[in-house]
Amino acid sequence: MSRYNLHNSYKAIVIGGSAGSFQGIIKILSQVSAGFPLPIIMALHRLKHVRHGFVEALSIKSNIKIVEPEDKESIRKGIAYLAPANYHLSVELGNYFSLSTEEMVNNSRPAIDITLSSSAYLYRNKLIGILLSGANRDGAVGMKQIKDKGGLTIVQDPAECMIDTMPKAALSLTTIDHTLSIDNIVAFLKELQQHYK
Amino acid sequence: MITELDIADLKKITELILQRHGYDFRDYAMSSFKRRVLRILELGGLTIDTLLKQLSDQPDYINDFLDGLTVNVTEMFRDPGFWRLLREEIIPGILLNNKQFKIWHAGCSSGEEVISMNIMLKEMGLMNDVTIIATDLDTVILDKAKSATYPLKNMEVNEKNYIRFQGKYSLKNYYREENGRAIFNPELLKNVSFRRHDLVTGDAFNKFDLILCRNVMIYFNQALQNQVLKKFHNSLFKYGYLAIGTKESLIWCEYVNRFIVVNQEEKVYKKIKD
Ligand SMILES: C[S@@+](CC[C@H](N)C(=O)[O-])C[C@H]1O[C@@H](n2cnc3c(N)ncnc32)[C@H](O)[C@@H]1O
């Protein structure tokens with residue numbers, strides 16, 4: 001029996017990460033298999049003026065396609081989307097992305113909170129939020145919104161994080177359903193995928 | 001603090017502004033619109049009801065409200081690669097057929113894009129051959145643009161972009177520092193006329209050789225983007241250029257076939273059909 005009590009009504013996964021999350025993201029993307037049944041939406045802190053290279057770096061080992069969405073692009077399952085440099089990434093009713101150049105939030109653009117919060121609003125209890133290693137508090141409020149709307153919340157185990165400020169901030173602000181190592185996040189996603197067969 | 005608004009609240013606001021003030025925000029992208037309204041409520045210590053009351057009872061409040069609602073964040077030489085493309089291909093392309101030409105900055109915000117354009121044109125020796133119209137919906141931000149004065153702390157980003165653009169000098173050649181502000185040489189605005197213009201309700205008002213509308217239509221939904229592209233089409237001479245933000249797209253617009261892609265990376269299009 002699994003400890004996760006999973007089902008196949010989730011519609012999306014959203015991942016936030018900052019300092020120290022890159023290796024973890026690479027590992028997750030390399031272990032998730034092609035044809036993953038949900039969209040994976042990633043807001044990762046990154047250099048604002050470097051438009052290129054990040055998708056390529058993430059793609060090297062990934063089994064699924066990685067895309068930096070354009071404004072109003074439709075959200076499709078089996079693709080991992082990455083918030084572009086210097087833009088906030090939101091999801092909209094109607095299941096498409098929108099970009100914005102609003103002020104930085106938590107000193108960040110893209111801000112994890114914006115992506116998480118708009119995803120919580122759109123997907124409600126059909127969303128899984130995952131927050132990884134990072135050095136600031138971005139993402140905590142977004143995780144709370146996911147939880148408040150009935151979604152599932154996961155943080156990377158602070159003991160494993162290069163910098164644990166981000167997952168700890170979420171843990172102190174809201175209920176986190178699972179605190180997992182990267183390997184267990186991978187196992188979780190594989191098990192989740194089984195439910196969609 | 002209010003952290004969530006429902007669609008009904010947002011609708012009350014858009015309907016009221018439309019009825020009272022003639023601005024139409026019904027087709028703005030919802031998530032950023034909602035965040036802007038929440039921000040206005042928070043900064044002003046308002047609730048939806050007090051906001052609605054203020055919008056209907058205080059005629060002057062609308063300008064502040066619009067200033068809070070619109071996203072004015074901008075940079076000089078934002079996306080330096082785009083500006084290099086303008087200098088090396090687009091402007092030379094326009095010059096093949098015209099000695100003098102006209103540029104429209106639609107959604108010019110506080111004017112950084114306009115100053116960048118004129119610095120580039122000046123360095124190309126072309127400033128006197130170009131007429132620029134710069135428009136925005138937000139009158140508060142247009143006043144800032146006219147003053148050509150910016151907080152010094154913004155200049156670090158601007159300087160970095162200018163260096164990546166590979167300008168001829170240092171950006172410092174174009175402004176002086178005073179009380180924590182960078183005051184640009186007013187000469188840099190002498191060929192510019194700033195006007196309030198609403199892309200949603202306003203009409204095409206002139207013809208241009210180049211239109212820049214960068215990071216403005218991201219705040220619109222697809223239906224509105226489609227409408228606004230028609231206005232841009234109407235406002236361009238045949239073979240005129242349109243530049244949008246690097247992460248924007250026109251592919252779902254009805255008029256897309258009247259344009260060709262000049263540069264996919266920097267999102268520059270050319271009108272080829274009337
Ligand atoms: C993010 S700024 C873009 C500045 C600059 N073009 C850039 O890319 O950095 C967006 C601007 O569009 C303006 N805007 C929004 N809706 C508009 C409308 N309906 N008509 C004209 N301008 C509008 C806003 O007031 C704001 O100044």
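The model is predicted, so local features need pLDDT of at least 70 and side-chain atom pairs count only at pLDDT 80 or more, while totals for chains, interfaces and linings use all residues. Residues are numbered from 1 along each chain as its sequence is written, chains are lettered from A and ligands numbered from 1 in the order in which they are written, and side-chain values use heavy atoms, with hydrogens and water left out.

Start with the interface. Chain B puts 36 residues into the contact and chain A puts in 30, where contact means heavy atoms within 4.5 Å. About 2,600 Å² is buried between the two chains, 42% of it on carbon and sulfur atoms; buried area here is the accessible area (1.4 Å probe) that two parts lose on being put together, summed over both. On the chain B side, Arg35(B), Val73(B) and Lys247(B) lose the most area to chain A, and together they make up 25% of what that side buries.

Nine salt bridges run between chain B and chain A, a salt bridge being a side-chain nitrogen of Lys or Arg within 4 Å of a carboxyl oxygen of Asp or Glu. In one of them, Arg35(B) pairs with Glu102(A), with the closest N and O atoms 2.7 Å apart. Helix 2 (30–44), helix 8 (155–165) and helix 9 (222–234) of chain B each give two or more residues to the side that touches chain A; helices (H or I, at least four residues) and strands (E, at least two) are DSSP runs, numbered from the N terminus. Helix 2 of chain B gives the most, with seven residues.

Over in chain A, strand 5 (residues 88–92) is well wrapped up: five of its five residues are buried, buried meaning under 20% relative accessible area, exposed over 50% and partly exposed in between (1.4 Å probe, protein chains only). Both faces are covered, with His88(A), Ser90(A) and Glu92(A) on one side and Leu89(A) and Val91(A) on the other. Strand 5 of chain A runs antiparallel to strand 6 (residues 96–100) of chain A, and five bridges join them; strands pair if DSSP finds at least two bridges between them. Leu89(A) has Leu99(A) as its bridge partner in strand 6. Three residues lie between the strands of this hairpin, where Gly94(A) takes a positive phi near 105°. Gly94(A) counts as exposed, at 67% relative accessibility.

Ser235(B), in the loop between helix 9 and strand 8 (236–244) of chain B, is buried, with a relative accessible area of 0%. Neighbours within four places in sequence aside, Ser235(B) touches residues including Trp104(B), Phe208(B) and Ile211(B).

Back to charges: the structure holds 26 salt bridges over all chains. Lys27(A) and Asp183(A) form one, at 2.9 Å between the closest N and O atoms. Lys27(A) is partly exposed at 35%, and Asp183(A) is partly exposed at 45%. In chain B, Arg214(B) bridges to Asp79(B) at 2.8 Å. Here Arg214(B) is buried at 5% and Asp79(B) is buried at 12%. These two also belong to a salt-bridge network with Arg51(A), Glu265(B) and Glu266(B).
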